Amino acid sequence: MTGIADLVASRAGRRSRRGTGRVPAVIIGVYLLVAVFGPMLIDYDPVRTPLEDRLLAPGSQTSTGGTALLGTDALGRDVFAQIVYGARTSVVIGLATVAVCVVVGLLVGFAAGYYRGVADSVLSRLIDILQAFPGILLAIVIAGVFTPSLWVIVLALSVTGWISFARVARSVVLGVRERYWLDAARLLGVRTRRVLGRHVLPFTVGPIVAMATLEFALVVLAEAGLSFLGIGLPSSSVSWGQTVANGKEYLSSAWWISAVPGSALAVLVVSVGLLGDNLTARYGRARSR
């Protein structure tokens with residue numbers, strides 16, 4: 001009876017974990033659809049400021065006869081449109097930054113773990129030096145020095161973001177570099193690039209994907225923080241951080257300006273975090289088998 005109860009509990013736990021992973025995945029999918037197709041369906045100019053529609057409550061009629069579903073800000077700009085355009089900004093910056101971090105991290109981690117010796121020592125010291133500085137402060141300095149743009153933000157957030165990927169890649173390489181199939185490949189004269197790409201890279205896919213989801217959430221938060229401080233994207237772009245900052249002086253009279261984009265940001269970050277935890281747990285179970 002105890003064995004049957006354990007089996008039932010195990011199956012129930014697996015179903016619960018699958019449900020825990022599916023819900024965040026669906027939410028993230030909705031955000032991706034909004035980011036990709038939303039701006040195509042909404043006509044919005046972030047520079048236009050119809051002051052006759054300023055501070056309209058959610059559901060109010062605008063001067064052009066339309067409906068402000070989520071209200072307007074102090075300059076008359078539609079908050080719903082800012083949410084849609086801000087979703088694209090967050091997704092593009094998040095994906096671009098994670099892609100840069102993954103590529104740089106894998107290259108550094110593979111070089112340090114495979115060649116060892118001087119390469120490992122130099123790259124490890126570089127990582128230690130970068131970790132001595134808070135990543136967000138380095139991002140603020142870079143974003144403040146250069147002209148605000150999307151790619152400057154990606155660069156600023158990638159400066160230290162690749163370190164965790166490099167550490168994971170290095171540890172994986174160290175764990176498999178002495179395996180017999182790698183020795184056989186080297187004895188057969190297989191090029192190092194092919195050895196790493198075909199015989200080492202597959203072992204990094206699980207942990208890298210799980211870490212990439214968590215890094216995406218951190219990047220989205222960091223970008224919103226930089227935009228909130230006014231050193232992120234230019235004013236001609238739309239960011240959730242900018243929208244939240246625009247409404248901070250109207251929290252008592254026009255709460256929707258900051259509350260709506262803040263809620264959208266919170267839901268996305270929590271969903272990505274839950275999905276990352278689920279992927280990490282699955283990778284841990286796969287390794288234990």
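Leucine 55 counts as partly exposed because its relative accessibility is 26%, where partly exposed covers the range between buried (under 20% relative accessible area) and exposed (over 50%), using a 1.4 Å probe and protein chains only. Its phi is near 55°, a positive value in a residue other than glycine. Leucine 55 sits in the loop between H1 and strand S1 (60-61); helices (H or I, at least four residues) and strands (E, at least two) are DSSP runs, numbered from the N terminus.

The model is a predicted one, so local features need pLDDT of at least 70 and side-chain atom pairs count only at pLDDT 80 or more, while totals for chains, interfaces and linings use all residues. Residues are numbered from 1 along each chain as its sequence is written, and side-chain values use heavy atoms, with hydrogens and water left out.

Zooming out, the protein chain has ten helices and two strands, and along the sequence they follow the pattern α-β-β-α-α-α-α-α-α-α-α-α. Of its 289 residues, 42% count as buried. Among contacts (heavy atoms within 4.5 Å) with a separation of 6 or more, 69% come from residues 24 or more positions apart. Helix H5 gives a local view of burial: Val152, Ile153, Val154, Ala156, Leu157 and Ser158 are buried there, and what covers the buried residues of H5 includes H2, H4, H6 and H8.

Next come the rings. The structure holds three aromatic pairs, a pair being rings of Phe, Tyr and Trp (its six-membered ring) with centres within 6.5 Å; planes under 30 degrees apart count as stacked, over 60 as edge-to-face and the rest as tilted. In one of the pairs, tyrosine 31 and tryptophan 240 have ring centres 6.1 Å apart and planes at 75°, so they meet edge-to-face. This pair links distant parts of the chain, with tyrosine 31 in helix H1 (residues 2-41) and tryptophan 240 in helix H9 (residues 240-246), 209 residues apart. Both tyrosine 31 and tryptophan 240 are buried. Tryptophan 255 and tryptophan 256 also pair edge-to-face, because their planes are at 80° and their centres 5.8 Å apart. Tryptophan 255 is partly exposed, with a relative accessible area of 49%, whereas tryptophan 256 counts as buried at 6%.

As for open space, the largest pocket has a volume of about 400 Å³. On a 1 Å grid over the protein atoms alone, a pocket is an open set of points with protein on both sides within 12 Å along at least five of seven lines, and lining residues have an atom within 4 Å of a point. Of the 18 residues lining the largest pocket, Asp43, Tyr44, Arg48, Asp78 and Ala81 are the closest to its centre. Strand S2 (67-68) and helix H2 (79-115) each supply at least two residues of that lining.

The second largest pocket holds about 220 Å³ of space, a volume being the space filled by probe spheres set on the points, which are joined across faces, edges and corners. Its lining has 14 residues, and the closest to its centre are Gly135, Leu157, Thr160, Gly161 and Glu215. Helix H4 (135-145), helix H5 (150-158), helix H6 (162-176) and helix H8 (192-229) each supply at least two lining residues, with the largest share, four residues, coming from H8.

Key
1 Å grid on protein atoms, 1.4 Å probe; cavity = no way out; pocket = protein on both sides within 12 Å on 5 of 7 lines; lining within 4 Å.
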